[in-house]
Amino acid sequence: MKLCAVQPHMPDSITDSVRVITRWIHKAAESGADVVVFPEMMLTGYDIHLFELFKQQDWYARVEAAFGVLGSIALEAEVSVFVGSPYRTSDGCYLNALVLLQAGETPVLAGGRSHIEEGVKKHWGFGEAQDRTPIEIEDIAFGSLFCDESVHLNLTGGKGLEKSDVILWPAVTCSTKEDHKSVTKDNAREGAKMIAQYYGVPVIHANYISYASQKQNEQTATRGRTLGGSVVCDASGLVLDQASWTEEDLRSFEISRVDGMVVVTPMVEEHAFER
């Protein structure tokens, strides 16, 4: 199985998100991908955009319409797509979720965040997912973690993630930069390593390269932080590959079973694409 993890600019509207996701699905499909992974809240944008989106009464109808469009794109491209999005459960709760879009099928909840700070619950109304059982594609069980759950791993245990063969970490991850030049604290690398060592499986990270608004980007830079640097590591926490800190990127991997263990192998090819 070939999997591509996308590191895009964060879109600032659902319409823009559909356009950007479509573009990257086609690029991944052209490279022979079977599965494509996007960051959390890729369909809506995060932070400022969520505050504005949730003020609109029809916002989730727009999310569902986008699922329909992207499901058709997945069918056309013959790939399975993991995309970060709010997801409404049968009891009316909204999750910070990873949704699986596959050819000709309805959207499937592939994973939802269960560790959520009280402030996030209050402002955005997200509930906590209790079942973190991974979802299977071609006999590979993909679990998922979100945002800063990498530093609260003890709170994610016992919910099914231990059944994962691979953990997807579609997290908005900020690392620290000194004088806005060199990275001094690589939180992407450290987070992925902690997840891999805790669960004993490979980890594939999908981060953004920028926030949804120029203002947020400027604030992040002023505070000496940066996005980017999506990382992949093996089950021991050894880093196998890392994306650009400054450019949109697409990283490709072969996922296979070797002696019963799932192995993630970076594919040697040109990864970065111009916007």
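Leaving aside neighbours within four places in sequence, which residues is Phe67 in contact with?

1. Please keep in mind that this is a predicted model. With sequence neighbours within four places set aside, the contacts of Phe67 are Leu43, Tyr60, Ser85, Pro86, Val99, Leu101 and Pro107.

2. Phe67 belongs to helix H3, and its relative accessibility of 4% puts it among the buried residues. One of its contacts, Leu101, is 34 residues away along the chain, yet the two C-alpha atoms are separated by 7.5 Å.

3. On to the rings: there are seven aromatic pairs in the structure. One of them joins Phe54 and Trp59 in a tilted arrangement, at 4.5 Å centre to centre with 40 degrees between the planes. Phe54 is partly exposed at 21% relative accessible area, whereas Trp59 is buried at 8%.

4. Tyr60 and Tyr94 make an edge-to-face pair, because their planes stand at 65 degrees, with the ring centres 5.5 Å apart. This pair links distant parts of the chain: Tyr60 sits in helix H3 (residues 59–77) and Tyr94 in strand E4 (residues 94–101), 34 residues apart.

5. How do these two tyrosines compare with the burial cut-off? Buried means under 20% relative accessible area, so Tyr60 at 5% counts as buried, while Tyr94 at 21% counts as partly exposed.

6. Finally, the cluster: ring pairs connect Phe54, Trp59, Tyr60, Tyr94 and Phe126. Tyr60, a member of that cluster, is also one of the contacts of Phe67.

Technical notes. Residues numbered from 1 in each chain as written. Predicted model: local features only at pLDDT ≥ 70, side-chain atom pairs only at ≥ 80, totals over all residues. Heavy atoms only, no water. Phe/Tyr/Trp six-rings, centres within 6.5 Å; stacked < 30°, edge-to-face > 60°. Buried < 20%, exposed > 50% of the residue type's maximum accessible area, 1.4 Å probe, protein only. Helix = DSSP H or I, 4+ residues; strand = E, 2+ residues; numbered from the N terminus. Contact = heavy atoms within 4.5 Å.
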